[in-house]
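Here's a friendly walk through a protein chain for anyone meeting it for the first time. Have a look at the structure, then read on.

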Amino acid sequence: MYSKEIIVRCESGLYNKQATLFVQKANDYSSSIHLTSEGRRMNAKSLLGVMSLSVVTGSVVTLTAEGPDEKEAVDALEALLQQDIA
C-alpha cells in the first residue's frame, strides 16, 4: 500500500472537468485507489464519490493506492491536484 498526503492547489478543486479528468486518470491504473478528505474515504475511480467529498483549493487530502502500480497512480493523481486543466 502506498499513501500520500497532498494539499490541493488546483484553483477549481475537484469539480466538473477537473474531477472528471481525475477519475479518468484513476481508472487508467489497476490498483485500488481511494481519496480521503475530512475523514471521508471514497473510491477515486467514482465520479460521484470524488465530487461528494467537496474538495476545494487548499484542502488536505490523502491518496491511497494498493496494487501493482500504486506508486505511479498516486504520483500521477497528485500532479493533477497541483494544477488546473486547460
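Predicted model: local features only at pLDDT ≥ 70, side-chain atom pairs only at ≥ 80, totals over all residues.

Which residues of helix 1 are buried? They are Gln18, Ala19, Phe22, Val23 and Ala26. Looking down the axis of helix 1, you'd find these buried residues within an arc of 130°, so they line one face of the helix. On the face turned away from the buried side, helix 1 carries the exposed residues Asn16 and Lys17.

## The overall layout

Stepping back, the chain has 3 helices and 4 strands. Follow the sequence and you get the pattern β-α-β-β-α-β-α. The chain's radius of gyration is 11 Å, close to the 12 Å that the globule rule gives for 86 residues, so it is as compact as a globular protein of that length.

The C-alpha trace spans about 30 × 30 × 20 Å along its principal axes, and 40% of the 86 residues count as buried. Take the contacts between residues at least 6 apart in sequence: 72% of them join residues at least 24 apart.

The 4 strands make an open sheet in the order 1-4-2-3, with antiparallel pairing. Strand 1 (2-7) and strand 3 (40-43) are the edge strands, and each pairs on one side only. From one strand to the next, the twist averages 25°.

Strand 2 and strand 3 pair in the antiparallel sense over 4 bridges. Thr36 stands opposite Arg41 in strand 3. As for helix 3, it lies across strand 1, strand 2 and strand 4, and runs at about 10° to strand 1.

## The nonpolar core

The largest nonpolar core holds 24 residues, and those touching the most other members are Leu14, Phe22, Ile33, Leu35, Leu63 and Leu81. Two or more core residues each come from helix 1 (16-26), strand 2 (32-37), strand 4 (60-66) and helix 3 (70-80). Which element gives the largest share of this core? That's helix 3, with 5 residues.

And what does Leu14 touch? Leaving out residues up to four places away in sequence, Leu14 touches Ala19, Phe22, Leu35, Val50, Met51, Val55 and Leu81.

Key. Residues numbered from 1 in each chain as written. Heavy atoms only, no water. Core = buried A, V, L, I, M, F, W, Y, C linked by side-chain atoms within 4.5 Å. Buried < 20%, exposed > 50% of the residue type's maximum accessible area, 1.4 Å probe, protein only. Contact = heavy atoms within 4.5 Å. Arc of directions from axis to C-beta. Pairing = 2+ DSSP bridges. Axes fitted to C-alpha atoms, helices over the stretch in contact; angles between N-to-C directions. Rg over C-alpha atoms; globule rule 2.2 N^0.38 Å.
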